[in-house]
Amino acid sequence: MVGGNEVINVARRLGIRERLAPYPSLALGSFEINLLDLTAAYAAIANRGYLAEPYFISRVVNPEGQVLLENRPRVQQAVREDVAYMMTSVLEGAIKRGTGIQAARLPGRVAGKTGTTNQFTDAWFIGFTPRITVGVWVGRDLKQSIGRGMTGAEAALPTWIAFMERYLEDQSETVQHEEFPVPGGITFVTVDQRSGLRAGPQCGGTVILEAFPSGREPQDCSAHHHVLLSLPWQQQLAHYEWRPGEPPTTPESVAAAAGRGWEGELPDNFELQLPGENVLGAAEAVPPGAAFGQDASVPAGRPAPPGTARVP
Ligand SMILES: [Zn+2]
């Protein structure tokens, strides 16, 4: 967790000029951004972190052949190369096993993301290959629904694929199968996609290859983590290991979030870990036998580990 302000800083560096506020819903896409800015930001990720300011007119020449106006790319580094590559790798995942999966039939490397707004008022798909970034928006002039079920994958992605098919047809084999260049400082690790941790034999068939900054690879996944993942999220929260520099989350704010849109009471044994406390004690309270048993829930009434707050 990095906090909303950090997210906004990166968005600004990537050329997003729209008003943004550090609300938690920022992560869900609660602020609207225009197609041009967002496509330019994706192009910066595709372009190894270098943002090129978009322009529409390359040159204006008068009848005498005199150049009246000429625009050339203005390029600046927005994010580090390794960061841009990790973003690319994540967005490749959205095509391989996410909402953009229809695009997996295109030849070569493709990365991208769908977008869907509340009440289906807008459908988005922005995607790129190592050569080209294309953004598609489907919507009305007024903020009205374009139809039930009209998600980014349903309404925008088919247009994106149709365009890309025609574009790729005209390219050479070499361009069609170009790879995203992998910069230095990246290590590939097979991870359990459920936990995001380094996969072992116990992780079964849920293993994927992910890019990490070298030296900051994830810890090993274990049967213990599988047990934690089987718990309701409120209980998982108590086992979250807070890292220095992460934004503080108060018990009140988390309880408020859990209370909103959530029917019923929080369970009696719900415990919330306060930031900065060691939670390993709490994690170890899961009996080892539970890791392999059918019933993987944390037993009610277990002693509260030090530094936990009970939510009323
Ligand atoms: Zn695992």
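In what order do the three strands of the open sheet lie, and is their pairing parallel or antiparallel?

Analyst: The model is a predicted one, in which local features need pLDDT of at least 70 and side-chain atom pairs count only at pLDDT 80 or more, while totals for chains, interfaces and linings use all residues. Residues are numbered from 1 along each chain as its sequence is written.

The three strands form an open sheet in the order 5-6-7, with antiparallel pairing. Because strand 5 and strand 7 stand at the edges with a single partner strand each, one side of each is left without a neighbour in the sheet. On average, neighbouring strands of this sheet are turned by 5 degrees against each other, direction ignored. Strands (E, at least two residues) and helices (H or I, at least four) are DSSP runs numbered from the N terminus. Two strands pair if DSSP finds at least two bridges between them. Axes are lines fitted to C-alpha atoms, for helices over the stretch in contact, and angles run from 0 to 180 degrees between N-to-C directions.

Strand 5 comprises residues 111–116 and pairs with strand 6 in the antiparallel sense over six bridges. Ala111 stands opposite Phe128 of strand 6, and Thr116 stands opposite Ala123 of strand 6. The hairpin of strand 5 and strand 6 has five residues between the strands, and Gln119 in this hairpin takes a positive phi near 60 degrees. On the other pairing, strand 6 and strand 7 (residues 133–139) are joined in the antiparallel sense over seven bridges. Here Ala123 stands opposite Val138 of strand 7, and the hairpin formed by strand 6 and strand 7 has four residues between them.

Strand 6 spans residues 122–128, and seven of its seven residues are buried. A residue is buried if 20 or more other C-beta atoms lie within 10 Å of its own, exposed if 12 or fewer, and partly exposed in between, with C-beta atoms placed from the backbone. In a regular strand the side chains alternate between the two faces of the sheet. From strand 6, Asp122, Trp124, Ile126 and Phe128 point one way, whereas Ala123, Phe125 and Gly127 point the other way, and all are buried. For the protein as a whole, 22% of the 312 residues count as buried.

Helices also lie against the sheet. Helix 2 lies across strand 6 and strand 7 and runs at about 155 degrees to strand 7. Helix 4 (residues 152–169) packs on the sheet and touches strand 5, strand 6 and strand 7, its direction making about 35 degrees with that of strand 6. Two residues are in contact if their C-beta atoms, placed from the backbone, lie within 7 Å.

In helix 3, the buried residues are Ala84, Tyr85, Met86, Met87, Thr88, Leu91, Glu92 and Ile95. Ile186 is found in strand 8 and touches Asp82, Tyr85, Ala211 and Ser214, not counting residues up to four places away in sequence. Ile186 counts as partly exposed because it has 15 C-beta neighbours inside 10 Å.
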